[in-house]
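Hello,

Here is the structure I promised to pass on. Please open it next to this note.

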Amino acid sequence: MAGKPKLYYFDGRGKMESVRWLLAAAGVEFEEEFLETREQYEKLLQGGSLLFQQVPMVEIDGMKMVQTRAILSYIAAKYNLYGKDLKERALIDMYVGGTDDLMGFIIMFPFLSAEDKEKQRAVIVQKATSRYFPAYEKVLKDHGQDFLVGNNFSWADVHLLEAILMVEEKKSDVLSGFPQLQAFKARISSIPAIKKFLEPGSQRKPVPDDKYVETVRRVLRMYYDVKAN
Amino acid sequence: MSGKPKLHYFNGRGRMESIRWLLAAAGVEFEECFLETKDDLTKLQKGGSLLFQQVPMVEIDGMKMVQSRAIGNYIAAKYNLYGKDLKERALIDMYVEGITDLNELLMSHTFQPADKKEQHFATIVDKATNRYFPVYEKVLKDHGQDFLVGSRLSRADVQLLETILMAEECKPDILAKFPLLQSFKARISNIPTIKKFLQPGSQRKPPLQEKDVPKVMKIFH
């Protein structure tokens, strides 16, 4: 029985944010249950809801899906954001892999010490501007189309926009050498479903703060020092 | 015109090994081009072959594919190792992602500094026997079938076997509490293409030795 998908995670971005983006881009309404306490998490664990004892978890189409990539692939395929054939899917997978790696440099940022944060900010900007953004700039330049793959809106476009905005939060002029990406950003942001998601009051989560870090540490009992990768 | 897939990586397991397993399981012959020095990597980067300047890279069907997940997805779909529909694919993806997490833990063991090795070993054993193996043991127990998903061989089976064998290299009796995984291991190992891959002389790579770590680090750093 298909109700709305239900997302189980902390009230913050983390690994669930890409799922929120994709559902929003697909125009799919979803519910959220936020983990605030250790007890909630243990209840989920004991109930057998978390295949590998981890969140994110998304209840969708009768499944309790875990593993962010699995969840995103399922949503992309279900809502026609995964290209029209194997080769387009291959391109989308490659591009999403890149933006995933880039966002991977950002995801542990809130957990770093103040000193490590400054170092990591520089790493993020360096990777974005020397490795990842040039790749996508070239893709767009080479085919001259509005979307990354197959002249059609796909998961790859949503994921890239999410990554661009996250990096801009670390350095606001980071797109200055990338005219194609600037136009891309404007274009994808104005797609109605995405425009709506970018407005205040949507389920998009803000930049993680100390309260978020505290909640995650408390719920997961994750009290060790987090080091940058 | 597409000849055999061609794999670009160093002569070792790393992130390419799962791809070797998948191709072998699918009965697909492939060629390999080994990076020996940093120059080899630089040459590939300068030639524009590496979308994000990284390997693995696989030349297949006219594409220069990078990102091991993307490559694995493509091969699995092309050779019918990805289930019959969206829901089977969802299960396969979940199982493969879990195995990949365990795989990464195992792979990173050789690179641990000496003073962290013992603790890391304990973490591996703990995660393998308390988080990951119980899941797959239960999946097999609950449906009683020979394969993890949909009653037929999929990439989930191939990758689980790969990881089981790697875990056993770490601790030979690691499957002691998992009778169904033991019979799974025997069963999947017996599939002709996989049996062949497990024999000496195949393109399967041995575990990285400590003495080879500096050489590998030099290529990438």
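Below is what turned up, starting with the strands.

Keep in mind that this is a predicted model.

Strands. Strand 1 of chain A (residues 6-9) pairs with strand 2 (residues 31-34) through four bridges. These two strands run parallel. Between the two strands, the chain passes through helix 1 of chain A (residues 17-25). That β-α-β crossover is right-handed.

Strand 1 of chain A also pairs with strand 3 (residues 57-60). Here there are three bridges, and the strands run antiparallel. A:Lys6 faces A:Glu59 of strand 3 across this pairing.

UniProt, in an unreviewed entry, lists residues 85-209 of chain A as "domain: GST C-terminal". In the model, that stretch is 68% helix and 0% strand. Its end C-alpha atoms are 41 Å apart.

A:Leu198. This residue is in the loop that links helix 8 (192-197) to helix 9 (210-220) of chain A. Is A:Leu198 buried, partly exposed or exposed? Its relative accessibility is 28%, so A:Leu198 counts as partly exposed. Buried would need a value under 20%, and exposed one over 50%.

Which residues does A:Leu198 touch, apart from neighbours within four places in sequence? They are A:Trp21, A:Leu165, A:Ser189 and A:Arg204. A:Leu198 and A:Ala24 are 174 residues apart in sequence. In space, their C-alpha atoms are 9.8 Å apart.

Best wishes

Key. Residues are numbered from 1 along each chain as its sequence is written. Chains are lettered from A and ligands numbered from 1 in the order in which they are written. This is a predicted model: local features need pLDDT of at least 70, side-chain atom pairs count only at pLDDT 80 or more; totals for chains, interfaces and linings use all residues. Side-chain values use heavy atoms; hydrogens and water are left out. UniProt positions are given in the numbering used here, feature names are shortened, and annotations may be inferred rather than shown by experiment. Two strands pair if DSSP finds at least two bridges between them. A crossover is right-handed if, with the strands pointing away from the viewer, the path from the first strand over the helix to the second runs clockwise. Buried means under 20% relative accessible area, exposed over 50%, partly exposed in between (1.4 Å probe, protein chains only). Contact means heavy atoms within 4.5 Å.
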